[in-house]
Amino acid sequence: MVKELVENAIDAGSTQIKIEIKHGGIKLIRVVDNGSGIPQDEVALAFKRHATSKVRDSSDLENISTLGFRGEALPSIAAVSHVDIITKTDDDSTGTHLVLHAGEITGQGRGAGTRGTSVNVENLFQNVPARLKFLKTVSTEGAHISEIVTQFSLAYPEIKFELTADGKVVLQTPGNGRLRDVVVAIYGLKTADAMIEVGDNNLQVSGFVSPPSLARSRRDSLSFFVNRRWVKSGLLTRATEEAYSGMLMTGKHPIAVLNISIPLGDVDVNVHPAKTEVRFRSEGEVFTMVQRAVRAALVGESSVPDSQRAPRPFGFSTSETGVDQIVLQERLFKEPTHVQTPQSPRALPESKLPILRIIGQLASTYIIAEGPDGMYLIDQHAAHERILFEKVMAQRAKCDVEVQGMLEPATIELSPRQSSMLDRAQETLKAYGFAIEPFGGQTYLVRTAPALLGEGDITKAVHEVIDACAEEGDRSKAGEKIAASIACHGAVRAGKILTMDEMERLVRDIENVESPHTCPHGRPTMVHFNTSHLEREFGRKL
Ligand code: ADP
Ligand code: MG
């Protein structure tokens with residue numbers, strides 16, 4: 001109900017929409033807008049079935065740009081509740097007031113003098129006990145309504161939304177047209193501040209996505225819109241998550257607010273009456289477009305986690321706002337420049353690291369290095385994992401995975417499930433450099449392994465690779481898991497003492513990878529203590 005009423009308010013060109021609910025909307029739903037209003041002589045008609053002012057002829061149906069078009073919402077709402085509507089257009093000198101009970105007009109009169117429409121829906125389903133029973137608990141209904149208003153507010157940053165539930169304001173957006181400010185209202189300042197802007201050249205995909213470090217453990221923070229209409233779409237979810245591949249830990253999901261603009265004819269929003277489902281004419285194209293746009297945004301930014309954001313280890317406190325200001329300023333300067341100058345050989349992409357000078361090793365686990373702007377602590381295992389991961393992926397892409405033969409083949413045991421998988425996985429295993437043959441029972445011989453696995457644990461790697469083939473129907477996903485597993489077992493362990501040369505090699509390699517800041521599981525590979533942070537810590541600068 002709330003959805004339909006808000007849609008009407010948006011279709012009417014409102015710039016302010018207030019929604020008030022009581023008792024999860026069961027007692028009261030009130031939607032007040034400042035839109036066009038309904039002309040006096042059309043108010044009663046608007047409650048008749050299939051009366052819509054929005055579609056003139058059937059050719060209009062192909063190019064629906066309004067949210068409503070069926071002329072069903074008002075009559076269906078009125079049929080199951082007590083409705084009280086006051087509306088006024090610019091042309092009418094006074095407003096119109098109409099009262100309906102169970103769909104029948106029970107009162108009519110003059111209304112207030114301000115432009116816009118206010119619809120009161122009371123005692124929902126009271127005259128339809130069977131449906132009343134179907135309403136979920138008050139809190140579930142309330143949560144559902146607040147999700148709907150949230151999505152509308154993300155789709156329409158230029159409209160000022162306010163949602164009040166049982167007298168408490170639950171959501172309020174400024175309506176200033178800036179999507180980031182709506183994100184602030186929903187996810188908070190910190191999150192909004194860290195979100196990365198997405199926008200391809202012709203703005204077919206636009207909005208914000210979270211940096212990998214902000215991922216959530218539930219997939220409930222993905223909002224998609226097609227031509228600003230909120231949709232739920234497995235395709236768009238997959239395209240977005242795919243863009244994060246190699247950046248997110250398993251089980252983690254990004255936050256995203258993305259609008260896809262495509263010609264009305266290329267999309268069918270009419271699949272389901274609730275209209276949150278969508279069907280694209282060319283799914284592959286949409287998938288690629290979204291994945292590319294998100295990936296480009298992520299690769300352009302993916303900044304080193306800033307040590308300033310970590311809890312302060314010392315009792316030294318700088319005022320919160322002071323820190324935020326500085327972080328904000330740095331962010332301004334770091335803003336990815338979309339106009340790159342590929343002619344100049346020194347112009348490195350934003351995500352790449354500066355040249356680092358190695359100072360030493362800490363706790364046999366971290367490499368301490370100095371860059372042009374302060375100190376870097378690099379996790380040797382995570383960094384090496386990232387390097388190997390990209391190498392495996394690159395070798396695989398060229399169908400040229402380097403293998404190492406075993407002087408003596410390694411014997412491994414597979415579980416019955418794994419051995420039954422082996423047949424299907426054999427080809428993939430081979431492509432990644434594993435040659436495995438049966439040796440009787442559950443025992444198998446590994447004759448070759450990928451060279452990048454080095455002296456890493458072959459048994460574990462083979463188990464993981466077979467499991468990845470079993471779990472992932474999707475080839476490219478399985479490929480990534482396999483690469484991550486080879487990288488994990490091939491990478492230098494934490495706790496290993498490294499020589500200066502070994503550290504040098506590792507740091508040169510990490511300077512040159514595509515995404516140096518996170519390991520394939522999404523953990524950071526390094527922490528950056530920038531110069532001004534150090535100066536502040538030592539009280540040299542406030
Ligand atoms: P639809 O939106 O599919 O046209 P509805 O039953 O939702 O059908 O609304 C019927 C008609 O009432 C709309 O076509 C519109 O002309 C008018 N209307 C409804 N709500 C509003 C509103 N908030 N502001 C202006 N006009 C409205
Ligand atoms: Mg409508």
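Author: A polar contact is a pair of N or O atoms within 3.5 Å; within protein, one atom must be able to donate a hydrogen and the other to accept it, and residues adjacent in sequence count only if both atoms are side-chain atoms. This is a predicted model, where local features need pLDDT of at least 70 and side-chain atom pairs count only at pLDDT 80 or more, while totals for chains, interfaces and linings use all residues. Residues are numbered from 1 along each chain as its sequence is written, chains are lettered from A and ligands numbered from 1 in the order in which they are written, and side-chain values use heavy atoms, with hydrogens and water left out.

Reader: Which residue has a polar side-chain atom 3.4 Å from a nitrogen atom of ligand 1?

Author: Ligand 1 has polar contacts with side chains and backbone. A polar side-chain atom of N8 lies 2.8 Å from an oxygen atom of ligand 1. For L74, a backbone N or O atom lies 2.9 Å from a ligand oxygen. The side-chain atom 3.4 Å from a ligand nitrogen belongs to T117.

Reader: How many residues surround ligand 1?

Author: A residue counts as near the ligand if one of its heavy atoms lies within 4 Å of it. The closest are N8, T52, S53, K54 and G71.

Reader: Is strand β11 largely enclosed or open, and how many of its residues are buried?

Author: Strands (E, at least two residues) and helices (H or I, at least four) are DSSP runs, numbered from the N terminus. Buried means under 20% relative accessible area, exposed over 50%, partly exposed in between (1.4 Å probe, protein chains only). In β11, L222, F224 and V226 are buried on one side, and S223 and F225 on the other. The strand, residues 222-226, is largely enclosed because its buried residues number 5 of the 5.

Reader: In β12, which residue is the bridge partner of F225?

Author: Two strands pair if DSSP finds at least two bridges between them. β11 pairs with β13 (residues 256-260) in the parallel sense over 5 bridges. With β12, β11 pairs in the antiparallel sense over 3 bridges. There, the partner of F225 is W230.

Reader: What is the phi of N227 in the turn?

Author: β11 and β12 form a hairpin with 2 residues between them. N227 sits in that turn, and its phi is positive, about 50°.

Reader: What is the volume of the largest cavity?

Author: On a 1 Å grid over the protein atoms alone, a cavity is a set of points where a 1.4 Å probe fits but cannot get out; lining residues have an atom within 4 Å of a point. Points are joined across faces, edges and corners, and a volume is the space filled by probe spheres set on them. The structure holds 1 cavity of 30 Å³ or more. The largest cavity has a volume of about 90 Å³.

Reader: Which element supplies the largest share of the lining of the largest cavity?

Author: The lining has 12 residues, and K3, E7, F152, R229 and W230 are the closest to the centre. α1 (2-11), α5 (138-155) and β12 (229-231) each supply at least two lining residues. The largest share, 4 residues, comes from α5.

Reader: Which backbone oxygen does the side chain of S153 reach?

Author: S153 lies in helix α5. This serine is buried, with a relative accessible area of 0%. At 2.8 Å, its side chain reaches the backbone oxygen of T150.

Terms used: 1 Å grid on protein atoms, 1.4 Å probe; cavity = no way out; pocket = protein on both sides within 12 Å on 5 of 7 lines; lining within 4 Å.
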